[in-house]
Amino acid sequence: MRYKELELVYKWRNDQRVREYMFNSDEISKVDHKVWFENSTSDPNRYLLLVCRDDKPFGFAQFKISACKTVAEWGFYVDPDGRKGQGAILGHYVLKYGFEEIGLRRIYAEVLGSNGRSLSLHTRLGFTCEGILRKHYEKDGIHQNVSMFGLL
């Protein structure tokens, strides 16, 4: 991801259809988004990826490398106005990039229990549900489970 894509990713991230499934579903200001981008791009343990098909962006993904340099947490979202099935396409290519280009040996994710589509997608992408943190996260006054996924 480059600076010129900042506005597009900002638009996707603040769309209610994306925000409702995020741990932090608050709307993000343009100033906070820019600060996040600047901090993230200066962090050598962070990869921000804009995913394109035929030079047209359709999703965003990121890796946060842990203290163990071959392990990373990933997160993603797709253009909320895009075609169905974008998440699976994004997942396939981004995970391949993580393993083959970055050299990761383990990728993990935390998914809110209310995000059924992401729970299902992680399983389809080959992740193993390694545990469920029961009533672990409070969102909108509701205590939700958080599923822990891992992929080797």
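A nonpolar core is taken here as a set of buried Ala, Val, Leu, Ile, Met, Phe, Trp, Tyr and Cys residues joined through side-chain atoms within 4.5 Å. Buried means under 20% relative accessible area, exposed over 50%, and partly exposed in between, with a 1.4 Å probe and protein chains only. The model is predicted: local features need pLDDT of at least 70 and side-chain atom pairs count only at pLDDT 80 or more, while totals for chains, interfaces and linings use all residues. Residues are numbered from 1 along each chain as its sequence is written, and side-chain values use heavy atoms, with hydrogens and water left out.

The largest nonpolar core has 24 residues. Phe-63, Trp-74, Leu-90, Val-94 and Phe-127 have the most contacts inside this core. Two or more residues each come from strand 1, strand 2, strand 3 (71-78), helix 4 (86-102), strand 4 (106-112), helix 5 (116-124) and strand 6 (142-151).

Helices (H or I, at least four residues) and strands (E, at least two) are DSSP runs, numbered from the N terminus. The C-alpha trace spans about 40 × 35 × 30 Å along its principal axes.

Buried residues make up 41% of the 152 residues. Of the contacts (heavy atoms within 4.5 Å) with a separation of 6 or more, 54% are between residues 24 or more positions apart. The chain exposes about 9100 Å², and carbon and sulfur atoms supply 50% of this area, which comes from the Shrake-Rupley method with a 1.4 Å probe.

Two residues other than glycine have positive phi. Asp-54 has phi near 55° and sits in the loop between strand 1 (46-53) and strand 2 (56-65). With a relative accessible area of 75%, Asp-54 is exposed. Lys-135 has phi of about 50° and lies within strand 5 (residues 128-139). Lys-135 is also exposed, at 57% relative accessibility.
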